[in-house]
Amino acid sequence: MNLQVGAGEIVALLGRNGAGRSTMLKAVMGGVVRTGSVRFGDTEIVHLPPHKVARLGLGYVAEDRSIFPDLTTQQNLILGEKPGPASKNAGGPFAISDAYALFPRLRERAGAPAGALSGGEQQMLAMCRTPCASCCWPSPPGGLRSCWWNRNSTSHWPSATGCM
């Protein structure tokens, strides 16, 4: 497979169930065995483990949401912060304040256990727990109204690069 996503692009990877969309995204992130070449910017990442790929700014939002249901919404967001030398602030390239700007409902539910959130709110939380320059979603985020997604999908992320 040969796929290139340029800066500022949003790319959709289409196919029926079982066609390998999620597996391809997991391969990019290092979640499954991969061969060949996988580049992120100018960096070859095919031999990097997932945590090092994530440190480069590439993130994967799993379909199962992967939140911590017994922690509060804010505690889940704190776990997603990734400070580092390239950070524009202590919270990394995508801070909790950015999550609250993107999804004001998360601020309202900051003290609520994440497991008590609605399905759409849990999806918002899962998306914001993956602070990155480029995010990969195996399928369009469920539980979010399409009018919200069309209006906000590129306006608050650190860059508009992504793959679905």
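Let's start at E108, which is exposed, with a relative accessible area of 57%. For the wording here, buried means under 20% relative accessible area, exposed means over 50%, and partly exposed covers what lies in between (1.4 Å probe, protein chains only). Keep in mind that this is a predicted model, so local features need pLDDT of at least 70 and side-chain atom pairs count only at pLDDT 80 or more, while totals for chains, interfaces and linings use all residues. Residues are numbered from 1 along each chain as its sequence is written, and side-chain values use heavy atoms, with hydrogens and water left out.

So who does E108 pair with? Its side chain meets that of R105 in a salt bridge, at 2.7 Å from N to O. A salt bridge here is a side-chain nitrogen of Lys or Arg within 4 Å of a carboxyl oxygen of Asp or Glu, and the structure holds four of them. R105 and E108 sit three residues apart in helix α5, so about one helical turn separates them. Helices are DSSP runs of H or I with at least four residues, strands are runs of E with at least two, and both are numbered from the N terminus. R105 itself is partly exposed, at 34% relative accessible area.

R105 has another partner: E121 forms a salt bridge with R105, and the closest N and O atoms are 2.6 Å apart. This pair links distant parts of the chain, with E121 in helix α6 and R105 in helix α5, 16 residues apart. The side chains also count as making a polar contact at 2.6 Å; that term stands for a pair of N or O atoms within 3.5 Å where, within protein, one must be able to donate a hydrogen and the other to accept it, and residues adjacent in sequence count only if both atoms are side-chain atoms.

E121 counts as buried, at 7% relative accessibility. The side chain of E121 also meets that of R109 in a salt bridge, at 2.9 Å from N to O. Here too the pair links distant parts of the chain: R109 lies in the loop between α5 and α6, 12 residues from E121 in helix α6. Both R109 and E121 are buried. Through shared partners, the salt bridges join R105, E108, R109 and E121 into one network. Leaving aside neighbours within four places in sequence, E121 is in contact with R105, L106 and R109, where contact means heavy atoms within 4.5 Å.

L106 leads us on to the nonpolar side of things. The largest nonpolar core has 18 residues, and L106 is one of those with the most contacts inside it, along with L77, Y100, F103, L125 and C128. The elements that give two or more residues to this core are α4 and α6, and α6 gives the most, with five residues. A nonpolar core is a set of buried Ala, Val, Leu, Ile, Met, Phe, Trp, Tyr and Cys residues joined through side-chain atoms within 4.5 Å. Take L125: not counting residues up to four places away in sequence, L125 touches I67, T73, N76, L77, L106, A114 and L117. A second, separate core has 10 residues, including L13, M29, I45 and V53.

Now for helix α3, residues 73-80, in which T73, N76, L77 and G80 are buried. Seen down the axis of α3, these buried residues fall within an arc of 100°, so they line one face of the helix; the arc is that of the directions from the helix axis to the C-beta atoms. They pack against α4 (96-102), α5 (104-108) and α6 (119-128).

Elsewhere, K52 has its place in helix α2, residues 50-55. K52 counts as partly exposed, at 41% relative accessibility. The C-alpha atoms of K52 and G30 are separated by 9.3 Å, and the two residues are 22 apart along the chain.

Finally, step back to the whole chain. There are seven helices and six strands, following the pattern β-α-β-β-α-β-α-α-α-α-β-α-β along the sequence. Of the 164 residues, 42% count as buried. Among contacts with a separation of 6 or more, 60% come from residues 24 or more positions apart. The accessible surface comes to about 9,100 Å², of which 53% belongs to carbon and sulfur atoms; accessible areas come from the Shrake-Rupley method with a 1.4 Å probe, and for residues only the protein chains shown count as cover.
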